Each structure stands twice: as structure tokens, then as C-alpha cells.
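Me: Got a model here that I'd like to walk through with you. Can we go chain by chain, then look at the contacts?

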Amino acid sequence: MSPAAFHLAILRSAALLVPEPQRTDWLAEWRSELWHVRRDPHGLNVTAFCMGAFRDAFWLWRDDPSPDRYALFAESPARCLALLAALGALGFVTALLLPAARHGLIYSPFRGNVVMLAPAGQSGSSISRQRFEALKAHYDGEFTGLAFYTLAHLSLETAQGRRTLSVARTTPDLLRLLNIPVARGKSGTPVLMPTRTAWRRYFSRDPRIGVADVRWNLPAGVDAWLIEDQPAIAALPASAEGFAVGRLRYTSLSDSQFHLVPIEERSFGFLPSLAIFLTMGMLLAIMTSDLPGGRPQRVGPRSSLFLAAKILLVLPIVVFGSLDLASLGSSVSGLPCISHSSVACSPRAGYLPISAGAAPSV
Amino acid sequence: MATEVKLSHTAAMILKAIDAGHVYGFGVMEVTGLPSGTVYPAMRRLERDSLIRSRWEKQSIADAEQRPPRKYYTLTASGRATLEAAEKRYPLLAKLMTAPAGESA
């Protein structure tokens with residue numbers, strides 16, 4: 001779909017809300033304005049401009065004194081079904097545009113293609129850093145991202161006194177492949193990103209500290225992520241045990257030395273949204289329960305067919321709408337990060353400076 | 001005597017913009033910095049309250065310039081009186097607005 005057609009589709013969808021007597025004039029005005037907006041030398045966001053049409057149309061719909069306000073749904077079964085189909089399509093397209101919702105849509109044995117590489121024939125899933133390096137060199141083309149993390153303990157003076165946090169030492173590659181925004185500190189300075197729970201518990205919800213909202217069920221829960229440069233991780237002993245996480249370029253990889261353990265993405269509140277949209281869907285079905293004119297009709301084959309078609313079309317609205325809503329609600333990570341040393345030296349939070357040598361102890 | 005309509009600052013800005021010669025929605029958006037979702041519904045409200053009126057440009061003029069015809073808005077007498085009252089209420093309003101290029105306010 002070309003941008004011009006897309007923008008016109010937005011306006012036409014909004015026009016469905018406008019009371020019928022004003023609709024032609026309303027659409028003509030918006031189309032005329034759109035023509036000028038597209039040629040705006042200041043490069044106004046055309047899509048944002050078109051989205052404003054919904055608010056305008058909604059205002060007209062609300063301001064309409066006619067008792068036929070709901071005629072949008074009742075005046076014609078075909079129009080009603082078309083509107084429901086359009087809403088379902090809109091929900092689907094929105095779900096494709098939102099990363100978290102898109103993951104929910106695409107079937108894969110490895111959800112989001114994120115896997116842990118575990119050595120075959122072993123009960124645990126940890127591998128040594130040396131083995132990870134060999135694995136990375138061998139399979140780099142098979143993954144869009146491949147990263148290693150190891151567990152450590154970090155002693156910090158927090159607002160609640162001295163605490164020992166469990167941290168995962170890794171490189172920015174890991175958070176990137178998990179789609180978690182990470183800011184880099186000064187060159188060579190590690191960045192500490194606590195989990196939301198640790199941020200609340202140990203960092204007094206300090207707004208200057210970025211939170212790593214890791215929704216993936218990775219082994220060994222940690223309090224924080226310590227993001228270091230590649231050389232710092234490469235300097236770990238070759239025998240240091242850790243975990244290898246990768247995002248597969250394709251959906252499978254066969255190898256006799258490793259097996260792939262899918263990492264599940266934790267639920268992002270899909271069910272509450274589903275309940276909300278299910279209720280809205282039911283309301284929509286009730287509001288449109290009569291055939292043309294809003295007059296009660298005898299239940300006949302046409303009415304039953306109409307009802308069945310509506311139910312079929314309401315379902316995608318419910319599912320995609322819930323996914324979109326839940327996905328929007330979950331995108332809360334990505335606060336600006338501050339460097340590990342800055343956290344340590346922050347006088348407000350009362351953290352003590354941590355020397356490089358005293359930082360993580362494996 | 002007609003009841004005086006009390007305008008919000010946003011509505012007063014839009015009324016002032018139209019009075020200054022920004023006579024269509026996009027022009028009002030540009031000069032006020034307000035989004036389309038605010039400007040157009042506010043203009044509907046002003047038109048419903050008879051503070052502004054709209055008219056379509058003649059098709060022949062638009063055709064001559066090879067563009068679609070625009071819908072233009074102008075202040076009514078009631079709108080002008082309301083704007084004068086709003087300018088007393090919001091003294092900085094006049095300073096916020098400039099006439100479109102090539103026209104005097």
C-alpha cells in the first residue's frame with residue numbers, strides 16, 4: 001500500500017464516524033487539507049496529521065443530536081461487517097508494527113528465535129567461556145546475535161546498607177539481541193542496570209538509573225546486569241562458566257554437540273487486555289444486534305447469518321486489540337542508563353565508590 | 001443581547017489565527033503549533049457556536065491552480081466580539097500571532 005493510499009484509508013475509516021449528512025463535506029475538507037500537508041516544506045508528519053481526523057470525526061459523532069448516532073452500525077449490515085473487518089485489519093497491522101505483539105503472532109518453536117545453547121549430554125546448560133568463543137567462531141552466521149554472560153557477586157553500599165547483589169556480567173550484545181535498550185558509559189566503564197525489583201529494593205527507585213526489563217526466562221535470576229566492554233569479558237578465565245544465548249537467524253539448527261533450549265518470553269499482560277476487549281466485543285455485538293434501522297427483527301436465516309458473521313469478525317478485533325494493548329503496556333524499559341562508577345559515586349543515593357578491583361567477584 | 005461565549009485559551013488562539021488571516025485548518029495548525037486533532041474539532045465547535053463560518057472556495061480558482069478547493073473560515077460579527085473579549089482576558093494573545101506571508105493582519 002502506497003503512503004498516499006494509506007493516508008486516504010485512514011481518512012475514509014475516520015469518515016465512518018461522521019454523521020452521514022456531513023460525511024461527504026467532511027471528507028472533502030480533510031482530503032483537500034491532506035493535499036496541502038503532503039506538500040508542506042516543513043515536513044509535517046502526514047500520518048499524525050491524518051490520525052487527528054479520528055478525533056475530529058469523533059467530536060462530530062458525539063455532537064450529533066440525531067437519535068441515529070449509532071446508525072453507523074445499524075444502517076446497513078454490509079457497512080457494519082465492513083467496519084468490523086476494517087477494525088480487525090487495523091488491529092492486525094498494528095500488531096505487526098509493535099515488536100512485542102509481533103512476537104506473539106509469529107509461530108516459532110523458539111519464540112522470537114531466542115535460544116540458549118546447552119552442551120549435549122550434560123544436565124546443566126552452562127558452558128565455559130573458551131567453549132563459547134569456539135562456538136561463536138563456528139556458528140556466527142547462523143545467529144543474528146550471540147552473547148555470553150556469567151554470574152558474579154557485587155557488593156554495594158546502598159540506601160539500605162551494604163548489600164551483595166547477584167549480577168550477570170555480559171556485553172551490550174546480549175541486551176541488544178533481547179531487544180533491551182542499553183546506554184554505554186564512558187569508554188571502558190561498566191554500566192550497571194538493575195532489574196526492576198532490585199531498582200525498587202536497593203536503588204530507592206532512583207530515576208537516573210536505567211532499568212533492565214528482561215522479560216525472558218533466563219537461567220539464574222539476577223539482581224542486575226553489569227554491561228562491560230568485550231575486552232573485559234574476554235579477560236575472564238577461559239574456564240569461567242556462563243551461559244550462551246543467541247537469536248537464531250532461521251528457525252532451526254542441527255548440531256550434535258549442542259542442543260537448543262528455547263527461552264520463553266514471559267507473559268506481558270495479555271489476559272487482562274483480552275478480558276477488556278472481549279467485553280468491548282460483546283458490547284459491540286449487542287449494540288449492533290438489530291438489522292437496518294435499529295428496529296427489532298424476527299430471527300430468521302438472514303439475522304442468524306449476520307450475527308454469525310459479526311461474531312467471526314469481532315474475534316480478530318478482540319485478539320489483535322488485546323495483543324496491541326498488552327504490547328503497548330509492556331514497553332516501559334529503556335530509561336537512560338548511567339555508568340556503574342557514577343552509581344557508585346552518587347552522593348544522593350549514598351553509594352560508596354567501588355574500585356575496579358573490588359567490583360565483581362566471580 | 002447575545003450571551004458572551006467564554007473561550008478557552010486554545011479556542012481563543014484559533015479564533016485569533018483565523019482573524020489574522022490563517023483561514024484554513026492547516027494554516028491555523030502551522031501558526032498555533034496545535035495538532036490536527038485539536039484544531040479541527042475546535043473549529044467545528046466555533047462554527048457550531050456561530051463564531052466562525054465556512055465556505056468552499058470556487059472550483060474554478062482551485063482548478064486554475066491545479067489543486068483541490070479549500071474550505072475557508074472567517075469570523076462572524078459574534079466571533080469578532082468574542083475575540084475582543086478574549087484578547088482582554090488573554091492579553092498576550094495578539095503577540096502570539098503573525099499574519100500569513102504576503103498579507104497584513
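Me: Start with chain B. How many helices and strands does chain B have?
Reply: Chain B has 6 helices and 2 strands. Helices here are DSSP runs of H or I with at least four residues, strands are runs of E with at least two, and both are numbered from the N terminus. This is a predicted model, where local features need pLDDT of at least 70, side-chain atom pairs count only at pLDDT 80 or more, and totals for chains, interfaces and linings use all residues. Residues are numbered from 1 along each chain as its sequence is written, while chains are lettered from A and ligands numbered from 1 in the order in which they are written.

Me: In what order do the elements of chain B run?
Reply: From the N terminus, it goes α-α-α-β-α-β-α-α.

Me: And what's the confidence like for chain B?
Reply: Its mean pLDDT is 85, with 88% of the residues of chain B at 70 or more. pLDDT is the predictor's confidence in each residue, on a scale from 0 to 100. Where it is low, the predicted coordinates should not be read in detail.

Me: What are the ipTM and pTM?
Reply: The model has ipTM 0.89 and pTM 0.44.

Me: What share of chain B is buried?
Reply: Of its 105 residues, 31% are buried. Buried is 20 or more other C-beta atoms within 10 Å of the residue's own, exposed is 12 or fewer, and partly exposed is in between, with C-beta atoms placed from the backbone. For chain A, the buried share is 33% of 362 residues.

Me: What is chain A built from?
Reply: Chain A comes with 13 helices and 9 strands. Taking its contacts with a separation of 6 or more, 79% are between residues 24 or more positions apart. A contact is two residues with C-beta atoms, placed from the backbone, within 7 Å. In chain B, 61% of the contacts between residues at least 6 apart in sequence join residues at least 24 apart.

Me: OK, helix packing. How do α2 and α3 of chain A sit against each other?
Reply: Helix α2(A), residues 20–38, packs against α3(A), residues 46–63, at an angle of about 160° with the axes 11 Å apart. Because of that angle, α2(A) is roughly antiparallel to α3(A). Axes are lines fitted to C-alpha atoms, for helices over the stretch in contact, and angles run from 0 to 180 degrees between N-to-C directions. Under 35 degrees counts as roughly parallel, over 145 as roughly antiparallel, 65 to 115 as roughly perpendicular, and the rest as oblique.

Me: Which residues of α2(A) and α3(A) meet?
Reply: From α2(A) there are A:Gln22, A:Trp26, A:Trp30, A:Leu34, A:Val37 and A:Arg38, and they meet A:Val46, A:Phe49, A:Cys50, A:Ala53 and A:Leu60 in α3(A). By class, that contact has 9 nonpolar, 1 polar and 1 charged residues. Nonpolar covers Ala, Val, Leu, Ile, Met, Phe, Trp, Tyr, Cys and Pro, charged covers Asp, Glu, Lys and Arg, and the others, Gly among them, are polar.

Me: What about the loop between those two helices, where does A:Leu44 come in?
Reply: A:Leu44 is in the loop between α2 and α3 of chain A. It counts as partly exposed because it has 18 C-beta neighbours inside 10 Å. Leaving out residues up to four places away in sequence, A:Leu44 touches A:Val37 and A:Phe49.

Me: How does α1(A) pack on α2(A)?
Reply: Helix α1(A), residues 3–15, packs with α2(A) at about 155°, with axes 10 Å apart, so α1(A) is roughly antiparallel to α2(A). The contact is made by A:His7, A:Leu11 and A:Ala15 of α1(A) with A:Arg23, A:Trp26, A:Leu27, A:Trp30, A:Arg31 and A:Leu34 of α2(A). Those residues divide into 6 nonpolar, 1 polar and 2 charged.

Me: Switching to the interface. How many residues does each chain put into the contact?
Reply: Chain B gives 14 residues and chain A gives 15. On the chain B side, α2 (25–32) and α3 (36–48) are the elements that give two or more residues. The most comes from α3(B), with 6 residues. The chain B side divides into 6 nonpolar, 3 polar and 5 charged residues.
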